[in-house]
Amino acid sequence: MTSFGDTWRKVRLHVPDAPFGLVKEWTQHAYETLCERRPWSWTRVHAQLIVPTARTVTATFTQFSPIVTAAAAFQPTDVGLQIRVGNIPVYTIQTYQSPSQVTIDMPYTDLATSGVPVSAQIIGMYQTMPPDFGAFLLVIDPYNQRLIPFWSTQEELARIDPTRFSSDASPRVLVSRQLSTVPTTLGQVQYEWWPAPLSQKAFPYYYRARPQILADTDPLLGVLGTRATILQKGALAECCAWPGTADRKNPYYNLALHAKLLDEFEAECARLELRDDDQNQDSWATLPYHRWGTWDLTFDTRFLRSTDATVADYVAF
């Protein structure tokens with residue numbers, strides 16, 4: 001199987017005057033351009049979303065402080081989970097100092113419960129996705145034999161349950177929210193489970209991975225593994241568009257050849273799509289995901305009645 005290192009070194013055989021670093025960068029860029037065209041078979045990942053069991057602790061919050069203390073109630077695995085007193089606001093545990101102290105993402109604001117031990121719930125309301133997460137393809141709820149929608153918005157969820165009053169053993173929907181602010185997962189994509197999950201669950205899912213920076217030893221997977229010349233052509237096209245430096249001109253600089261190689265790169269990418277479809281049918285990733293109305297976020301009336309919403313939130317007059 002062809003590796004990334006084999007590929008960029010072959011590119012440099014054509015342009016021996018080009019710096020090693022630039023050749024690698026051109027080849028990496030060709031790989032990223034190819035990966036972003038469609039959900040290729042080698043970019044699909046099958047994994048599981050794990051929802052932890054919620055638990056109740058007695059903790060002390062101080063107004064305008066992000067420090068939360070408790071009597072040996074915290075665990076290192078609490079980092080990234082949410083903690084709340086009642087419903088909202090919901091805070092995220094940013095760092096773990098000891099079994100008796102953690103730091104949350106925002107200063108605590110409630111004066112009525114400041115400085116006194118209160119009952120707080122530690123719960124996994126937010127799901128942080130892997131660093132290479134690009135997009136959901138499918139999320140499966142094996143407990144209710146259904147697909148979990150992931151295309152609803154915070155606005156739609158706020159119409160039904162603005163204070164996140166509802167909770168259940170099995171959540172019904174994933175809703176996109178802000179990027180993670182937890183230091184260990186900073187900037188990673190994050191979704192919110194609704195209703196707030198109470199018991200541990202595992203949800204199988206498929207996602208499209210974003211192209212990562214390849215190491216020399218990384219193999220080129222799928223149908224690309226036997227057609228690495230596509231990346232070579234894309235890298236050579238980049239080379240032809242690089243004029244060089246002020247003191248060292250690029251002898252391969254040729255914008256006409258650059259345009260020609262780009263056209264050939266695009267044509268070969270299109271042919272590769274056909275070969276990828278031969279091996280891996282893509283129809284399961286093109287389900288008619290019509291956007292659901294807010295009343296469709298749940299599949300029984302019990303949950304509709306348990307939210308903060310009124311009839312007007314479900315029915316368009």
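This is a predicted model: local features need pLDDT of at least 70, side-chain atom pairs count only at pLDDT 80 or more; totals for chains, interfaces and linings use all residues.
## Strand 13 and its partners

Ser 176 sits across from Tyr 191, a residue of strand 13. Strand 12 (residues 173-176) runs antiparallel to strand 13, and four bridges pair the two. Strand 8 (residues 126-128) is also paired with strand 13 in the antiparallel sense, here over three bridges. Within that pairing, Thr 128 has Gln 190 of strand 13 as its bridge partner.

Is strand 13 enclosed or open to the outside? Five of the five residues in strand 13 (residues 190-194) are buried, so the strand is largely enclosed by the rest of the structure. In a regular strand, side chains alternate between the two faces of the sheet. You can follow this along strand 13: Gln 190, Glu 192 and Trp 194 point one way, while Tyr 191 and Trp 193 point the other way, and all are buried.

## The whole chain

Let's step back for a moment. The chain contains seven helices and 15 strands. Of its 317 residues, 44% are buried. Now consider the contacts in the chain with a separation of 6 or more: 73% of them are between residues 24 or more positions apart.

Next, look for an open sheet with four strands in the order 1-15-9-10, paired antiparallel. Which strands stand at the edges? They are strand 1 (44-51) and strand 10 (146-147); each has a single partner strand, so one side of each is left without a neighbour in the sheet.

Further in, strand 9 (residues 133-141) pairs with strand 10 over two bridges in the antiparallel sense.

Two packed helices are described by the angle between their axes and the distance between the axes. Here, helix 1 (residues 4-14) packs against helix 4 (residues 229-240) at an angle of about 50°, and their axes are 9 Å apart. That angle makes helix 1 oblique to helix 4. The crossing of helix 1 past helix 4 is right-handed.

Which residues meet where these helices pack? Helix 1 brings Thr 7, Lys 10, Val 11 and His 14, and helix 4 brings Leu 231, Gln 232, Ala 235 and Leu 236. Sorted by class, this contact of helix 1 with helix 4 has four nonpolar, three polar and one charged residues.

Let's finish with a single residue. Val 57 belongs to strand 2 (residues 55-61). Is Val 57 buried or exposed? Its relative accessible area is 7%, so Val 57 is buried, since buried means under 20%.

Leaving aside residues up to four places away in sequence, Val 57 touches Ala 73, Val 118, Ser 119, Ala 120 and Ile 122. Along the chain, Val 57 and Gln 121 are 64 residues apart, yet their C-alpha atoms are separated by 6.3 Å.

Conventions
Residues are numbered from 1 along each chain as its sequence is written. Side-chain values use heavy atoms; hydrogens and water are left out. Axes are lines fitted to C-alpha atoms, for helices over the stretch in contact, and angles run from 0 to 180 degrees between N-to-C directions. Angles under 35 degrees count as roughly parallel, over 145 as roughly antiparallel, 65 to 115 as roughly perpendicular and the rest as oblique. A crossing is left-handed if the near helix is turned anticlockwise from the far one by less than a right angle, and right-handed if clockwise. Contact means heavy atoms within 4.5 Å. Ala, Val, Leu, Ile, Met, Phe, Trp, Tyr, Cys and Pro count as nonpolar, Asp, Glu, Lys and Arg as charged, and the others, Gly among them, as polar. Two strands pair if DSSP finds at least two bridges between them. Buried means under 20% relative accessible area, exposed over 50%, partly exposed in between (1.4 Å probe, protein chains only).
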